[in-house]
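Take a look at the chain below. A walk through its parts follows, from the overall fold to single side chains.

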Amino acid sequence: MNTKDRLKYIELFDLYSNLLTKHQVNILDDYLNNDFSMVEISSNYHISKSAVSDIINRSLKQLSTYENKLKLNSKINRIKKEICTNSKSKEKLDKIIRG
């Protein structure tokens, strides 16, 4: 996973982790935030490396699905960009928030 994708998934994880199971959260937290390898994770949780890979891939897909449906991250990023470029843009911010 490249750095750009990793950062995107960390943002999605921060937003949507409450929608994942505790097991998924623990494994993704180790993978994304703690930068553990799949081998380290499999050893820590006493599961196979392929099971870790499946959980990570399934969880990342879920995070992407949540973002595609809810678009919270893209709205937050648009708001941040608008605030940085123009502090007098209340009308634009209202339009972004309302969809």
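The text below starts with the whole chain and then turns to its core, its surface and a few residues.

This is a predicted model, in which local features need pLDDT of at least 70, side-chain atom pairs count only at pLDDT 80 or more, and totals for chains, interfaces and linings use all residues. Residues are numbered from 1 along each chain as its sequence is written, and side-chain values use heavy atoms, with hydrogens and water left out.

Start with the fold. The chain has six helices and zero strands. Read from the N terminus, the elements run α-α-α-α-α-α. Helices here are DSSP runs of H or I with at least four residues, strands are runs of E with at least two, and both are numbered from the N terminus. Of the 99 residues in the chain, 30% are buried. Buried means under 20% relative accessible area, exposed means over 50%, and partly exposed lies in between, with a 1.4 Å probe and protein chains only. Contact means heavy atoms within 4.5 Å. Among contacts between residues at least 6 apart in sequence, 50% join residues at least 24 apart.

Now go inside. The largest nonpolar core has 17 residues, and Leu28, Leu32, Ile56, Leu60 and Leu63 have the most contacts inside it. Helix 1 (3–16), helix 2 (22–33), helix 3 (38–45) and helix 4 (49–70) each supply at least two residues of this core. A nonpolar core is a set of buried Ala, Val, Leu, Ile, Met, Phe, Trp, Tyr and Cys residues joined through side-chain atoms within 4.5 Å. In soluble globular proteins, nonpolar side chains tend to be buried together.

Look at Leu28. Residues up to four places away in sequence aside, Leu28 touches Phe13, Leu20, Asn33, Ile56, Ser59, Leu60 and Leu63. Tyr9 sits in helix 1. Tyr9 is buried, with a relative accessible area of 14%. Beyond residues up to four places away in sequence, Tyr9 touches Met1, Leu32, Leu60, Leu63 and Ser64. Tyr9 and Leu60 are 51 residues apart in sequence, yet their C-alpha atoms are 7.1 Å apart in space.

Next, the aromatic rings. How many aromatic pairs are there? The count comes to one. The rings of Tyr16 and Tyr66 have their centres 6.0 Å apart and their planes at 50 degrees, so the pair is tilted. Tyr16 lies in helix 1 and Tyr66 in helix 4, so the pair ties together parts that are 50 residues apart in sequence. Rings of Phe, Tyr and Trp (its six-membered ring) pair if their centres lie within 6.5 Å; planes under 30 degrees apart count as stacked, over 60 as edge-to-face and the rest as tilted. Tyr16 is buried, with a relative accessible area of 1%.

Asn73 is buried, with a relative accessible area of 9%.

Leu72 belongs to helix 5 (residues 72–85) as well. Leu72 is partly exposed, with a relative accessible area of 37%. Together with Leu15, Leu19, Leu70 and Ile76, Leu72 forms a nonpolar patch on the surface, with about 380 Å² of accessible area together.

Last, a loop. Ser48 is in the loop between helix 3 and helix 4. Ser48 is partly exposed, with a relative accessible area of 39%.

Notes
Patches are made of residues with over 30% relative accessible area and no salt bridge: like charges are joined within 9 Å, nonpolar side chains (Val, Leu, Ile, Met, Phe, Trp, Tyr) within 5 Å. Accessible areas come from the Shrake-Rupley method with a 1.4 Å probe; for residues, only the protein chains shown count as cover. A salt bridge is a side-chain nitrogen of Lys or Arg within 4 Å of a carboxyl oxygen of Asp or Glu.
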